[in-house]
Structure formats: structure tokens, C-alpha cells
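Subject: Structure for your review

Dear colleague,

Please find the structure below, together with its sequence. My notes follow, and I would be grateful if you could read them alongside the coordinates.

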Amino acid sequence: MSRHRGWRAVAAVGLLAVVMVAALGGFGRHGGRNTVYPIAGVGQRVDAGALAVTPLCAWVASGKPGRLPNPFDKGRYLILRLRVENLTESGAAATAYLQDDVVWLADGKTDQKEAAQLQRADDHSFGVQLQPRLPTVVDLVWELPGGVAPRQPAVWGVFRRERVERTYLTNEQAWVQGKPDTKLRLQAGDACTQGRAS
Amino acid sequence: MLVAAVLVLAAVVWLRRAEPDYDAKVAPIVLPGAVGQRVQARNFAVEVKKAKLAHAYLTKAGLFDAAPRTVASDGIWMSLLVEAEPLDEPGFISAQLRTRDGLIYRASDHGRPELGGSNFNGQELLTGLRGTGAYFFDVPPDRLEGAHAQFYWGNVTPGQMDHLIDIDLGLDAAATRKLLAGATPTLDLR
């Protein structure tokens, strides 16, 4: 079968697809591990297309924000507080965009992890809704693997998301995740007092 | 012959360009209405009775709360008191606000504010029972003027080629100013 030209062509196309996916994959892979991305710190707004995010603070805690102490929960958590602006025309999918587009880079370059959960910063509720043009302060929560303290300063990656008038598969307009855009670099401290959107 | 072929080709190109895009082809079918008017869609009916504004709500304490819960807005809360009724089967009637410039604000989930069964967003409603409840929207105050409330079947997004009830809230400049002036700092919903 491997001598058959058609199968060779299919194999070549398949290999090319794998290489392309790997090349476009994420932080550290796009353009190589040493690609230099713009870095934003506390209070610096990042416009990433569909969303604009402003990191406010980050901290490590033994419980999730707003939860009562739980003796059965032995986990430790890394929390990033962001002011988020939805720049799309609808509040329908923006929360999913946030979860997909802001990732923790455990080693500062790669090993990207999506937040396990999103909570509003003011009342800690899980029903995060990012309405258009209405800044909202959100806590993104990651459980630290093995409870091990994160690398300091902690680094997050922000992907760009652009509006596509006609997607290839369905011809529908959509906001599609693009390339890695910016890194957020913050010292993860013990507490965070900033919490209101304004 | 050549001229005819060119004309046919030009016609094909023109028709292709004039063809509506996919989103336009499958857009919901809009049923217009006004406040105080019952509008019946394929399988549900809605009547918006009143709109009200508040900066925050006070709701009952949750199971683990020590005190009543304050539900703050990022902009301002608009509540719409409605009568809603599924006509064929039990299900969800969802709501969104469409601003004058086309932005869509979805109603807040039924846990925010938590009102038992009275926050209709995400609340399953029973067939043939006209329920009275409300939908809540967190909106920038400067986007209220000209906004319409829209209702659709299901709890995701408006169905393609399904009915979308569109209620003109009558929010011209004067009505919006009056509504904003009457906004309650904290509305007690306990």
C-alpha cells in the first residue's frame, strides 16, 4: 500500500496538516519556544480583538474565592483577577472566549492551562456574563497541580480572537481564536483587594 | 454567441453577489409588539407589562450566607415584568435586549438574582399556564434609549428560522430619562 502514489500523497497531506496544527498550536509553539510576546502587567489593558483584559492582581489561596473553608479540600489555587470588556456585539459566547483565550503558562512559556472556573469578583457567583461594552471584574481560578506553588512571577498567555465574516465550514460569521498575542506577568501574592469594575 | 455567454456569466456573478449570506438566510422570523400587548409565537406567548431600573437588588440569604445577598450591577439593572406561557410543551423562554446600535444583552441567569422561580431566564415553564415573572438585564445606562426586548424559545440563542418576539419598550429620549431618574439604588426583592 505504501508504494501506491495516492496513499503517499494522502500521507504527505496528513503529515503537513499535523505540522501545521503543531505550528499554530499555542504559546511557545507558534514561532518557537523563544518567541517574544508583548508583556502586560498590573493595570495594563490588552485589546485582544473580541475581549480586552486588564490584569488587576493575582494570588495563591487554599480555597476558591468566596467559598467557606472546607477541610476536605486540600487543593491550592492560583487566582487571576481581570477587568474584562466584551468588544463583540453580543454577550452570548464571551465567557467561553475568556476561558479559552486566557491561559496560565505554568513554566512561563508553554504548558498552557485553561482556568478550571470563572467567578465574578464582587459576589463570587459562577454566573459570569460578559455583556457588550460593560466592563466586568472576573476571577479566573486554576488548581495548582500537587498544591505546588507557582513559578514567580506567574505568567499567563492571551490569545487574539478575530471576527470572521464567513467561516470555512458553515459560512456563518464567528469570532475565531487566532495566534498568541500577549503575556500577562504578575507576582502572585497572598491577597487581592481590587474588585470593582469601573 | 460570445456576447450571450458573457451576459449569462455576468448575470451569474451578479446573482451570486446579490445572494443573501448564510446568517440572513436562516435569521429568525421577527414578530413585533409593544408593552402591554400579548404576542403569540409558534409555541409560546409573551406580554411585557412593565420595565423598571435599579442599581442593585437585595435577595434572600443563601444557604451559606450570613445576611441577605446584594446583587450589584456592572451598569444598571433593567427588569421586565412579564406574563409568559409555553403553548405546546414545557420549556424555556429566553430573553435578550437589543440596543439601537444592534448590541445584544442576554438576560441574566436565573441564579442572579436568585428569586426561586420568578426569574424566568433559565426557568422551565409549564404548558398552558400563564406565569408571571421577570427577566433581568445588566446594561450600560447609555445603551437603554431605543432598546427592544426580544423573546425566543429555548435557552441558548434565538432559533434559526424560528419566531423571535420583538417588543418595542417605547424608550425614546424622554421615557429613558424618566426611567433612569426613577432607578432605585437597591431594590428589595426578598
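**Backbone features in the loops**

A:Asp111 is found in the loop between strand 5 and strand 6 of chain A. Please note that this is a predicted model. Although A:Asp111 is not a glycine, its phi is positive, at about 50 degrees. Its relative accessibility is 40%, so A:Asp111 counts as partly exposed.

B:Met161 is exposed, because its relative accessible area of 53% falls in the range over 50%.

In chain A, one joins A:Gln152 and A:Pro153, with omega at about -10 degrees; A:Pro153 belongs to the loop between strand 8 (136-143) and strand 9. In chain B, the bond from B:Arg112 to B:Pro113 is cis, and omega is near 0 degrees. B:Pro113 is placed in the loop between strand 6 (104-106) and strand 7 (124-125) of that chain.

**A sheet in chain A**

Five strands of chain A form an open sheet in the order 1-10-9-5-6, with mixed pairing. Strand 1 (39-40) and strand 6 (112-114) each have a single partner strand and stand at the edges, so one side of each has no neighbour in the sheet. Within it, A:Ala40 has A:Leu184 as its bridge partner.

Helix 2 (residues 94-101) of chain A lies across strand 5 (102-105), strand 6, strand 9 (154-164) and strand 10, and runs at about 135 degrees to strand 9.

**Chain B as a whole**

Chain B contains three helices and 11 strands. Along the sequence, their pattern reads α-α-β-β-β-β-β-β-β-β-β-β-α-β.

How does the radius of gyration of chain B stand against that of a compact globule of 190 residues? The chain has 21 Å, whereas such a globule would be near 16 Å. The C-alpha trace spans about 85 × 40 × 35 Å along its principal axes.

Of the 190 residues in chain B, 42% are buried. Among contacts between residues at least 6 apart in sequence, 71% join residues at least 24 apart. The chain exposes about 9,900 Å², of which carbon and sulfur atoms supply 58%.

With kind regards

Definitions and conventions
Residues numbered from 1 in each chain as written. Chains lettered and ligands numbered in written order. Predicted model: local features only at pLDDT ≥ 70, side-chain atom pairs only at ≥ 80, totals over all residues. Heavy atoms only, no water. Pairing = 2+ DSSP bridges. Helix = DSSP H or I, 4+ residues; strand = E, 2+ residues; numbered from the N terminus. Contact = heavy atoms within 4.5 Å. Axes fitted to C-alpha atoms, helices over the stretch in contact; angles between N-to-C directions. Buried < 20%, exposed > 50% of the residue type's maximum accessible area, 1.4 Å probe, protein only. Rg over C-alpha atoms; globule rule 2.2 N^0.38 Å. Areas by Shrake-Rupley, 256 points an atom, 1.4 Å probe, with all protein chains shown as cover.
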